[in-house]
Each structure stands twice: as structure tokens, then as C-alpha cells.
Amino acid sequence: MSAMLSQDRQEGDCLRRLSVLLPQSAPPQRLYAEYLINNSRYAEAAPILQQLVALSPSEPQAYSLRGISGFNTDPSPNGL
């Protein structure tokens, strides 16, 4: 169990570093945002998703992930 948590943390660190190294590239931003969403880190994902939408305004998955993050961060009508 501990090895799985360590591996998951390493994956997150690698994805974070990749997104920092390539800030103008949509795929690393999407991968890191997906990692954060899958680990219920919605508030952390929000700024990355804003950047992803700006980088790839025609990518539906960016909007879907942003909606998931927003809903889980603030489910009120103002948050949506």
C-alpha cells in the first residue's frame, strides 16, 4: 500500500514538473489537471484548467474538467 502511495506521489510530482517546464503546451497541463481531479484536488486544478482553456479553447475536455473542478470547489449557482 505504501509503495502505491509513493508511486502516485511520484507521478504527481513528475506531471507537475512537466507542466511547469512546458507552460505553453496543452497536453502536459491536461495530464496534470486530470491527475489533480482524480485525486480530488479540485482547487489546485482550477488555475491549471484556466490556463488549459486559454491554450486550447476548442478542446471540450478542458471545459469538462473545469466544470468538474468548479462544481466540487463551489457547488452553488455562483460557482457554476
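Axes here are lines fitted to C-alpha atoms, for helices over the stretch in contact, and the angle between two axes runs from 0 to 180 degrees between N-to-C directions. In the model, which is predicted, helix α3 (residues 42-55) and helix α4 (residues 60-73) pack at an angle of about 150 degrees. The axes of α3 and α4 lie 9 Å apart. Angles over 145 degrees count as roughly antiparallel, and α3 and α4 are therefore roughly antiparallel to each other. The crossing in which α3 passes α4 is left-handed. On the side of α3, the contact is made by Y42, A43, A45, A46, L49, Q50, L52 and V53. On the side of α4, A62, Y63, L65, R66, I68, S69, N72 and T73 take part. By class, the residues of this contact comprise 11 nonpolar, 4 polar and 1 charged.

The chain as a whole contains 4 helices and 0 strands. Read from the N terminus on, the order of its elements is α-α-α-α. A box of roughly 40 × 30 × 15 Å, taken along the principal axes, is filled by the C-alpha atoms of the chain. The chain has 80 residues, of which 29% count as buried. Among contacts between residues at least 6 apart in sequence, 38% join residues at least 24 apart.

Helix α2 packs against α3 as well. The angle between α2 and α3 is about 155 degrees, and their axes are 9 Å apart. That angle makes α2 roughly antiparallel to α3. The crossing of α2 and α3 is left-handed. From α2, the residues A26, Q29, R30, Y32, A33, L36 and I37 meet residues of α3. Their partners in α3 are Y42, E44, A45, I48, L49, Q51, L52 and L55. The contact of α2 with α3 has 11 nonpolar, 2 polar and 2 charged residues.

A further pair is formed by helix α2 (residues 26-38) and α4, which pack at an angle of about 30 degrees with their axes 11 Å apart. Because angles under 35 degrees count as roughly parallel, α2 is described as roughly parallel to α4. Here too the crossing is left-handed, with α2 passing α4. In this contact R30, E34 and I37 of α2 meet Q61, L65, I68 and S69 of α4. The residues involved divide into 3 nonpolar, 2 polar and 2 charged.

The interior of the model was examined next. In soluble globular proteins, nonpolar side chains tend to be buried together. The largest nonpolar core of this chain holds 15 residues. Within this core, Y32, L36, I37 and L49 touch the most other members. The elements giving two or more residues to the core are α2, α3 and α4. For L36, contacts beyond its neighbours within four places in sequence are made with R41, E44, A45 and I48.

S69 is a residue of helix α4. The relative accessible area of S69 is 2%, and the cut-off for a buried residue is under 20%, so S69 counts as buried. Not counting residues up to four places away in sequence, S69 touches I37, Y42, A45, A46 and L49. One of these, I37, belongs to the residues of α2 that meet α4, while Y42, A45, A46 and L49 are among the residues of α3 in the contact with α4.

Two loop residues were also considered. S40 is located in the loop between α2 and α3. The phi angle of S40 is near 60 degrees, a positive value in a residue other than glycine. With a relative accessibility of 49%, S40 counts as partly exposed. E59 is located in the loop between α3 and α4. In sequence, E59 and R30 are 29 residues apart, whereas in space they are 10 Å apart, C-alpha to C-alpha. Leaving aside neighbours within four places in sequence, E59 is in contact with R30 and L52. R30 also takes part in the contact of α2 with α3 and in that of α2 with α4, and L52 is among the residues of α3 that meet α2.

Technical notes: Residues numbered from 1 in each chain as written. Predicted model: local features only at pLDDT ≥ 70, side-chain atom pairs only at ≥ 80, totals over all residues. Heavy atoms only, no water. Parallel < 35°, antiparallel > 145°, perpendicular 65-115°, else oblique. Left-handed = near helix turned anticlockwise from the far one by under 90°. Contact = heavy atoms within 4.5 Å. Nonpolar A, V, L, I, M, F, W, Y, C, P; charged D, E, K, R; others polar. Buried < 20%, exposed > 50% of the residue type's maximum accessible area, 1.4 Å probe, protein only. Core = buried A, V, L, I, M, F, W, Y, C linked by side-chain atoms within 4.5 Å.
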